[in-house]
Amino acid sequence: MNDADDRLRETAERLALTLSQGGMQKTTARVMTALLFSPRESMTAGDLCDELKISSGAVSGAVKQLIPTGIVERVPAPGSRRDHYRFRKHAWATLMGDQNTLLGVMRDAAAEGIAAAGPDSTAGHRLDEMRDFYAFMQQEMTALITTWRERYDAQHD
(Lines give C-alpha, C1' and ligand atoms only; values in the text may rest on other atoms or scores of the structure.)
Protein backbone atom coordinates (compact mmCIF):
# COMPACT_ATOMS: atom_id res chain seq x y z
CA MET A 1 0.00 0.00 0.00
CA ASN A 2 1.45 3.40 -0.93
CA ASP A 3 0.77 6.94 0.33
CA ALA A 4 -1.61 7.73 -2.54
CA ASP A 5 -3.68 4.60 -1.76
CA ASP A 6 -3.73 5.52 1.94
CA ARG A 7 -4.87 9.08 1.17
CA LEU A 8 -7.58 7.80 -1.16
CA ARG A 9 -8.84 5.32 1.44
CA GLU A 10 -8.82 8.03 4.15
CA THR A 11 -10.76 10.40 1.90
CA ALA A 12 -13.32 7.68 1.15
CA GLU A 13 -13.70 6.90 4.85
CA ARG A 14 -14.20 10.59 5.71
CA LEU A 15 -16.95 10.85 3.10
CA ALA A 16 -18.55 7.65 4.41
CA LEU A 17 -18.50 9.11 7.92
CA THR A 18 -20.13 12.32 6.67
CA LEU A 19 -22.82 10.33 4.85
CA SER A 20 -23.50 8.20 7.92
CA GLN A 21 -23.78 11.32 10.08
CA GLY A 22 -26.33 12.54 7.52
CA GLY A 23 -28.46 9.43 8.00
CA MET A 24 -27.07 6.78 5.66
CA GLN A 25 -26.22 3.45 7.29
CA LYS A 26 -22.50 3.34 7.98
CA THR A 27 -21.81 0.12 6.07
CA THR A 28 -23.84 1.31 3.09
CA ALA A 29 -21.88 4.56 3.07
CA ARG A 30 -18.57 2.66 3.24
CA VAL A 31 -19.53 0.35 0.36
CA MET A 32 -20.70 3.30 -1.71
CA THR A 33 -17.50 5.25 -1.14
CA ALA A 34 -15.33 2.18 -1.76
CA LEU A 35 -16.93 1.82 -5.20
CA LEU A 36 -16.74 5.56 -5.84
CA PHE A 37 -13.03 5.86 -4.96
CA SER A 38 -11.91 2.52 -6.39
CA PRO A 39 -9.32 2.61 -9.17
CA ARG A 40 -11.02 -0.51 -10.57
CA GLU A 41 -13.92 -0.33 -13.01
CA SER A 42 -15.94 -2.74 -10.84
CA MET A 43 -15.60 -4.75 -7.65
CA THR A 44 -16.99 -8.07 -6.47
CA ALA A 45 -18.61 -8.57 -3.09
CA GLY A 46 -15.42 -10.37 -2.08
CA ASP A 47 -13.32 -7.37 -3.14
CA LEU A 48 -15.51 -5.13 -1.00
CA CYS A 49 -15.29 -7.52 1.97
CA ASP A 50 -11.49 -7.58 1.72
CA GLU A 51 -11.11 -3.85 1.26
CA LEU A 52 -13.52 -2.81 4.00
CA LYS A 53 -12.92 -5.73 6.39
CA ILE A 54 -16.64 -6.46 6.63
CA SER A 55 -18.77 -9.56 6.19
CA SER A 56 -20.36 -10.71 2.96
CA GLY A 57 -23.77 -10.23 4.60
CA ALA A 58 -22.93 -6.59 5.31
CA VAL A 59 -21.86 -6.06 1.69
CA SER A 60 -24.99 -7.79 0.43
CA GLY A 61 -27.23 -5.59 2.58
CA ALA A 62 -25.45 -2.42 1.47
CA VAL A 63 -25.63 -3.34 -2.22
CA LYS A 64 -29.34 -4.10 -1.85
CA GLN A 65 -29.82 -0.57 -0.55
CA LEU A 66 -27.61 1.12 -3.17
CA ILE A 67 -28.87 -0.54 -6.37
CA PRO A 68 -32.45 0.81 -6.15
CA THR A 69 -31.12 4.35 -5.69
CA GLY A 70 -29.48 4.21 -9.11
CA ILE A 71 -26.02 4.94 -7.71
CA VAL A 72 -24.63 1.42 -8.00
CA GLU A 73 -25.34 -1.23 -10.60
CA ARG A 74 -24.63 -4.93 -10.98
CA VAL A 75 -22.62 -5.60 -14.13
CA PRO A 76 -21.45 -8.72 -15.94
CA ALA A 77 -17.76 -9.47 -15.92
CA PRO A 78 -16.47 -11.63 -18.77
CA GLY A 79 -15.07 -14.89 -17.48
CA SER A 80 -16.36 -14.39 -13.94
CA ARG A 81 -19.25 -16.09 -12.22
CA ARG A 82 -19.32 -13.53 -9.45
CA ASP A 83 -21.48 -10.43 -9.41
CA HIS A 84 -19.56 -7.25 -10.04
CA TYR A 85 -20.71 -3.84 -8.88
CA ARG A 86 -19.79 -0.39 -10.08
CA PHE A 87 -20.81 3.20 -9.79
CA ARG A 88 -23.30 4.05 -12.54
CA LYS A 89 -22.59 6.71 -15.11
CA HIS A 90 -24.58 9.81 -14.18
CA ALA A 91 -25.22 8.33 -10.73
CA TRP A 92 -25.55 11.74 -9.12
CA ALA A 93 -27.97 13.00 -11.74
CA THR A 94 -30.02 9.81 -11.35
CA LEU A 95 -30.10 10.27 -7.60
CA MET A 96 -31.17 13.90 -7.88
CA GLY A 97 -33.72 12.99 -10.54
CA ASP A 98 -35.27 10.55 -8.12
CA GLN A 99 -35.76 13.48 -5.77
CA ASN A 100 -38.36 14.71 -8.26
CA THR A 101 -40.62 11.96 -6.99
CA LEU A 102 -40.38 13.37 -3.49
CA LEU A 103 -40.90 16.89 -4.81
CA GLY A 104 -44.06 15.70 -6.57
CA VAL A 105 -45.33 13.99 -3.42
CA MET A 106 -44.82 17.18 -1.43
CA ARG A 107 -46.54 19.30 -4.11
CA ASP A 108 -49.49 16.89 -4.21
CA ALA A 109 -49.76 16.83 -0.41
CA ALA A 110 -49.96 20.62 -0.39
CA ALA A 111 -52.66 20.56 -3.08
CA GLU A 112 -54.69 18.04 -1.05
CA GLY A 113 -54.28 20.22 2.03
CA ILE A 114 -55.52 23.27 0.14
CA ALA A 115 -58.56 21.33 -1.02
CA ALA A 116 -59.27 20.22 2.55
CA ALA A 117 -58.54 23.53 4.33
CA GLY A 118 -59.80 25.87 1.63
CA PRO A 119 -57.61 28.21 -0.42
CA ASP A 120 -58.53 31.30 1.61
CA SER A 121 -57.76 29.80 5.03
CA THR A 122 -54.56 30.44 6.98
CA ALA A 123 -53.44 26.87 6.34
CA GLY A 124 -54.49 27.22 2.70
CA HIS A 125 -52.17 30.22 2.26
CA ARG A 126 -49.21 28.34 3.79
CA LEU A 127 -49.98 25.27 1.70
CA ASP A 128 -50.25 27.40 -1.45
CA GLU A 129 -46.68 28.57 -0.90
CA MET A 130 -45.58 24.97 -0.29
CA ARG A 131 -47.31 23.75 -3.45
CA ASP A 132 -45.81 26.55 -5.53
CA PHE A 133 -42.32 25.96 -4.11
CA TYR A 134 -42.31 22.23 -4.80
CA ALA A 135 -43.81 22.65 -8.27
CA PHE A 136 -41.09 25.19 -9.08
CA MET A 137 -38.31 22.97 -7.68
CA GLN A 138 -39.57 19.95 -9.60
CA GLN A 139 -39.63 21.87 -12.88
CA GLU A 140 -36.22 23.46 -12.34
CA MET A 141 -34.58 20.23 -11.13
CA THR A 142 -35.58 18.44 -14.32
CA ALA A 143 -34.17 21.25 -16.47
CA LEU A 144 -30.95 21.44 -14.43
CA ILE A 145 -30.29 17.72 -14.66
CA THR A 146 -30.93 17.70 -18.41
CA THR A 147 -28.56 20.65 -18.91
CA TRP A 148 -25.88 19.09 -16.73
CA ARG A 149 -26.05 15.72 -18.54
CA GLU A 150 -25.77 17.39 -21.94
CA ARG A 151 -22.83 19.51 -20.83
CA TYR A 152 -21.05 16.65 -19.10
CA ASP A 153 -21.50 14.29 -22.04
CA ALA A 154 -20.28 16.94 -24.50
CA GLN A 155 -17.13 17.48 -22.43
CA HIS A 156 -16.39 13.79 -21.73
CA ASP A 157 -17.35 11.85 -24.83
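## Basis of the model

The model is predicted: local features need pLDDT of at least 70, side-chain atom pairs count only at pLDDT 80 or more, and totals for chains, interfaces and linings use all residues. Residues are numbered from 1 along each chain as its sequence is written, and side-chain values use heavy atoms, with hydrogens and water left out.

## Overall fold

The chain holds six helices and three strands. Both are DSSP runs numbered from the N terminus: helices are H or I with at least four residues, strands are E with at least two. The order along the sequence is α-α-β-α-α-β-β-α-α.

The radius of gyration is 20 Å, whereas a compact globule of 157 residues would have one near 15 Å. That radius is taken over C-alpha atoms, and the globule rule is 2.2 Å times the number of residues to the power 0.38. The C-alpha trace spans about 65 × 35 × 35 Å along its principal axes.

## Burial, contacts and charge

Of the 157 residues, 29% are buried. Buried means under 20% relative accessible area, exposed means over 50%, and partly exposed lies in between (1.4 Å probe, protein chains only). The chain exposes about 10200 Å², and carbon and sulfur atoms supply 53% of that area. Areas come from the Shrake-Rupley method with a 1.4 Å probe; for residues, only the protein chains shown count as cover.

Take the contacts between residues at least 6 apart in sequence: 51% of them join residues at least 24 apart. A contact means heavy atoms within 4.5 Å. The chain carries 19 positive and 22 negative charges, and their mean positions are 7 Å apart. Lys and Arg count as positive, Asp and Glu as negative; His and the chain ends are not counted. Each charge is placed at NZ of Lys, CZ of Arg, CG of Asp or CD of Glu.

## Helix α5

Helix α5 covers residues 91–117. Its 27 residues should span 39 Å at 1.5 Å a residue, and its end C-alpha atoms are 40 Å apart, which agrees. The expected span is 1.5 Å times one less than the number of residues.

The buried residues of α5 are A91, A93, T94, N100, L103, G104, A110, G113 and I114. Their cover includes β3 (84–87) and α6 (122–156). An α-helix has 3.6 residues a turn, so residues three or four places apart point the same way. G118 follows α5 and has a positive phi, near 95°.

## Helix α6

Helix α6 has 35 residues. From first to last C-alpha it reaches 51 Å, close to the 51 Å expected at 1.5 Å a residue. G124, L127, Q138, M141 and I145 are buried in α6. The cover over these buried residues includes α5.

T122 lies in α6. T122 is exposed, because its relative accessible area is 57%. T122 and T147 are 25 residues apart in sequence, and their C-alpha atoms are 38 Å apart. M130 also has its place in α6. M130 is partly exposed, with a relative accessible area of 24%. Not counting residues up to four places away in sequence, M130 touches M106 and A110.

## Loop residues

Most residues other than glycine have a negative phi. K53 has a positive phi, near 60°, and is not a glycine. K53 sits in the loop between α3 (45–52) and α4 (56–66). K53 is exposed, at a relative accessible area of 71%. H90 is not a glycine either, and its phi is positive at about 60°. H90 is in the loop between β3 and α5. H90 counts as buried because its relative accessibility is 15%.

I67 lies in the loop between α4 and β2 (72–75). I67 is partly exposed, with a relative accessible area of 27%. Leaving aside neighbours within four places in sequence, I67 contacts V72, R74 and Y85. I67 and D98 are 31 residues apart in sequence and 13 Å apart in space, C-alpha to C-alpha.
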